[in-house]
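Subject: Handing over a structure, with notes

Dear colleague,

Please find the structure below, followed by notes on what was found in it.

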Amino acid sequence: MYNSKIIGLGKYVPDNIVTNDDLSKLMDTNDEWIQERTGIKERRWVEKGSGDTTATMGVKAAKIAIERSGLDKDDIDFIIFATLSPDMYFPGPGVQVQHALDIKTIGALDVRNQCSGFVYAMSVADNFIKTGMYKNILVIGSELHSFGLDKTTRGRGVSVIFGDGAGAAVLTREEDNSKGVLSTHLHSQGEHAEELVLIAPGMGKRWVSDILADNDPDDVSYFPHMNGQFVFKNAVVRFSEVIMEGLMKNKLEVSDIDMLIPHQANLRISQFIQRKFKLSDDQVFNNIQKYGNTTAASIPIALTEAWEEGKIKEGDTVVLAAFGSGFTWGSVIMKW
């Protein structure tokens, strides 16, 4: 059985920088309030008319990852696209990437696991490669939140947190089982699904016809809802558990972690985990200060930046961990 390993990384974020002071012009908030609660200083939001969409941002990140991998686009055997913000209700953006890259008619799979979407996508890719079904897989995490946020005081608890962007990785077959992805670990707890949720449009409660018929300006069902304190309390527990699960599976200690890339949900969550595991600043990578929470894109963007800055080297033990809506959470343990 093979392992899978990352051989190419890429990221793309929109040019438009939105600072906390910019948000204070749209809603009752300020820089101090946002930084104290989230650690975020600014985020990138797509400008209308720019041509950036969830799919096109994913394509831009993918082109960089493929080029850095040394592969030709037609060497890619399969595409996995993680997002909660597809360009269309259906089909998903995976097939848009296949078309935009002008790749032969390979399979394209969409993953809807929100903040842990990239971790789930990595697990799927890893297992496809482990079994020998595919050799080279393109994994993308991309999100365009800004068009769907309530940018008023009513929605500030959510809208100040989220940003737009995309990250991508190319995974390939590795015959040395001591290298590459060592293990992946996935969990869910659906009883808390509505603590972090976007209800409409959906077939279960409110579809488009309901929204149009009611024409209610106070209907917030199509804006994201988050029980922030409840999510925070669960996140710090599940992050710790799933990181330890991965380490124990591979007979590793916390001290063996060379780089932890946590989902960039809230800087306070990352700092809590860092303190709990007694990791140094050199062992944890955070960039939420610049980009906000980009959901499925946050880990691949951060992983790409950490690698670009030389903070991940050959032989390093790299841990990816995420928690989010669903609730779903997971981790990936890699030997770089």
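Burial is described here by relative accessible area, calculated with a 1.4 Å probe on protein chains only: a residue is buried under 20%, exposed over 50%, and partly exposed in between. The model is a predicted one, in which local features need pLDDT of at least 70 and side-chain atom pairs count only at pLDDT 80 or more, while totals for chains, interfaces and linings use all residues. Residues are numbered from 1 along each chain as its sequence is written, and side-chain values use heavy atoms, with hydrogens and water left out.

Let me begin with the salt bridges. A salt bridge is counted when a side-chain nitrogen of Lys or Arg lies within 4 Å of a carboxyl oxygen of Asp or Glu, and the structure holds 16 of them. Helices (H or I, at least four residues) and strands (E, at least two) are DSSP runs, numbered from the N terminus.

In one of these salt bridges, Glu 305 joins Lys 290, with 3.3 Å between the closest N and O atoms. The pair links distant parts of the chain, since Glu 305 belongs to helix α11 (residues 298–308) and Lys 290 to helix α10 (residues 288–291), 15 residues apart. Glu 305 is buried, at a relative accessible area of 4%, whereas Lys 290 is partly exposed at 35%. Both belong to a network of salt bridges that also takes in Lys 11, Arg 68 and Glu 308.

Why is α11 described as largely enclosed by the rest of the structure? Nine of its 11 residues are buried, so the description follows from that count; among the buried ones are Ile 299, Leu 303 and Glu 305. Just after α11, Gly 310 takes a positive phi of about 75°.

A second salt bridge connects Lys 205 with Glu 194, whose closest N and O atoms are 2.7 Å apart. Lys 205 sits in the loop between β9 (196–197) and α7 (208–214), and Glu 194 in the loop between β8 and β9. Here Lys 205 is exposed, at 53%, and Glu 194 is partly exposed, at 45%.

Helix α3 (residues 54–69) has 16 residues and spans 22 Å from its first C-alpha to its last, close to the 22 Å expected, where the expected span is 1.5 Å times one less than the number of residues. Its buried residues include Met 57, Val 59 and Ile 66. Among the elements that cover the buried residues of α3 are β1 (3–12), β4 (78–82) and α4 (93–100), contact being heavy atoms within 4.5 Å. Just after α3, Gly 70 takes a positive phi of about 85°.

Finally, there is an open sheet of four strands, in the order β8-β13-β12-β11 and with mixed pairing; two strands pair if DSSP finds at least two bridges between them. Its edge strands, β8 (180–188) and β11 (259–262), each pair on one side only. β8 and β13 (residues 328–335) pair in the antiparallel sense over eight bridges, and Ser 183 stands opposite Ile 333 in β13. Strands of a sheet pair through backbone hydrogen bonds, either parallel or antiparallel.

With kind regards
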